[in-house]
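Please keep the structure open beside this note while reading. The points below are numbered so that each can be checked in turn.

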Amino acid sequence: GVSTGMYHPGKTPLHTVFELPFLTPEDNMDIARLQMMMEEHPAMIKEFDKWNAVVMLSPMADQYNLIMSNKRVATIDDLDGLRIRLAPTMAGVLEKFGAVGSMLALGETYTALERGTVDAVGAAASWAGGWNFQEVTKYATTGMAMGTASMFVFASKDAWNALPDDLKELHKWWQAKSGEEWAIQRELDSAKYLPAFAERMEFIKFPPEDRAKLVAEAQPIWKDWVKRMEDQGLPGQEVLDYLIAKNKEIQDAKEKK
């Protein structure tokens with residue numbers, strides 16, 4: 001099976017930590033490494049255990065770095081009234097500046113943009129081009145880096161346990177490599193789609209000072225998430241702190257290079 005936390009947060013609530021806004025790294029390889037690190041946390045393992053599932057692969061989802069829209073989003077003021085398809089945690093920040101978020105299924109988003117029932121979609125170039133959103137939007141606002149998503153390929157634990165040890169070892173070797181391979185493919189996909197976007201759309205760079213205002217509004221959403229987790233008896237603060245610490249570990253290692 002394939003899982004992403006934003007579609008069924010009630011099943012794997014702790015995994016929605018990945019979808020907290022303005023928190024995860026921008027670099028695809030860093031996202032892949034962080035997700036692999038997060039899957040080592042006992043609470044994350046336990047969350048799949050209750051469904052008798054084991055993670056086979058962790059395909060990384062890259063940053064929602066674009067707003068593809070039929071309304072020009074050039075400053076923070078342009079968010080006012082913008083109807084955007086975006087994960088609820090990310091949309092929550094934009095909503096503080098007047099946007100209206102909705103969590104449509106991706107398969108419904110093209111038609112919604114075409115009909116004007118939504119104005120925009122928060123996206124990454126690597127997959128937005130596969131949905132042809134550039135055909136039904138006029139503007140691409142870059143520099144958003146609003147967050148990412150949790151994605152997992154999982155299997156029945158019973159089926160996993162039935163595998164011979166040599167196949168388990170082979171798979172663990174591949175799983176350790178798979179995140180980085182996925183990150184490379186995301187970069188290739190972005191390079192493929194961005195020229196098609198540029199032919200059809202006006203590209204706009206979101207001002208860094210305006211993005212900083214969005215980041216400042218993200219932490220209350222992190223705190224609300226922790227409270228929701230703790231209210232369910234889940235270690236929300238511990239998992240959030242772990243993610244922040246592991247992200248810092250990744251960034252510090254890069255700086256030393």
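**Notes on a predicted model**

1. Helix H1 (residues 28-38) and helix H7 (residues 165-200) have axes that come within 8 Å and cross at roughly 155°. Please bear in mind throughout that this is a predicted model. Angles over 145 degrees count as roughly antiparallel, and H1 and H7 are therefore roughly antiparallel to each other. The crossing of H1 and H7 is right-handed.

2. Which residues of H1 and H7 meet? From H1 come Asn28, Met29, Ala32, Arg33 and Met36, and on the side of H7 they meet Gln175, Ala176, Gly179, Glu180, Ala183, Ile184, Arg186 and Glu187.

3. The backbone deserves a careful look at two places. Most residues other than glycine have a negative phi. Phe22, although not a glycine, has a positive phi of about 55°, and its place is in the loop between strand E1 (2-4) and H1. Phe22 has a relative accessibility of 9%, so it counts as buried. Ala145 likewise has a positive phi, near 40°, and is placed in the loop between strand E7 (139-142) and strand E8 (151-156). With a relative accessible area of 2%, Ala145 is buried.

4. Leaving aside neighbours within four places in sequence, Leu57 is in contact with Phe152, Val153, His171, Trp174, Gln175 and Ser178. The C-alpha atoms of Leu57 and Lys172 are separated by 9.2 Å, although these residues are 115 residues apart along the chain.

5. How many aromatic pairs does the structure hold? There are 2 aromatic pairs. One of them is formed by Phe48 and Phe154, a tilted pair with 6.1 Å from centre to centre and 40° between the planes. Because Phe48 lies in helix H2 (residues 42-49) and Phe154 in strand E8, this pair ties together parts that are 106 residues apart in sequence. Phe48 counts as buried at 5% relative accessibility, whereas Phe154, at 26%, counts as partly exposed.

6. The rings of Tyr64 and Trp127 have centres 5.6 Å apart and planes at 65°, so this pair is edge-to-face. The pair links distant parts of the chain, with Tyr64 in the loop between E2 and strand E3 (66-69) and Trp127 in helix H5 (residues 125-128), 63 residues apart. Tyr64 counts as buried at 5% relative accessibility, and Trp127 is buried with a relative accessible area of 13%.

Key:
Residues are numbered from 1 along each chain as its sequence is written. This is a predicted model: local features need pLDDT of at least 70, side-chain atom pairs count only at pLDDT 80 or more; totals for chains, interfaces and linings use all residues. Side-chain values use heavy atoms; hydrogens and water are left out. Axes are lines fitted to C-alpha atoms, for helices over the stretch in contact, and angles run from 0 to 180 degrees between N-to-C directions. Helices (H or I, at least four residues) and strands (E, at least two) are DSSP runs, numbered from the N terminus. Angles under 35 degrees count as roughly parallel, over 145 as roughly antiparallel, 65 to 115 as roughly perpendicular and the rest as oblique. A crossing is left-handed if the near helix is turned anticlockwise from the far one by less than a right angle, and right-handed if clockwise. Contact means heavy atoms within 4.5 Å. Buried means under 20% relative accessible area, exposed over 50%, partly exposed in between (1.4 Å probe, protein chains only). Rings of Phe, Tyr and Trp (its six-membered ring) pair if their centres lie within 6.5 Å; planes under 30 degrees apart count as stacked, over 60 as edge-to-face and the rest as tilted.
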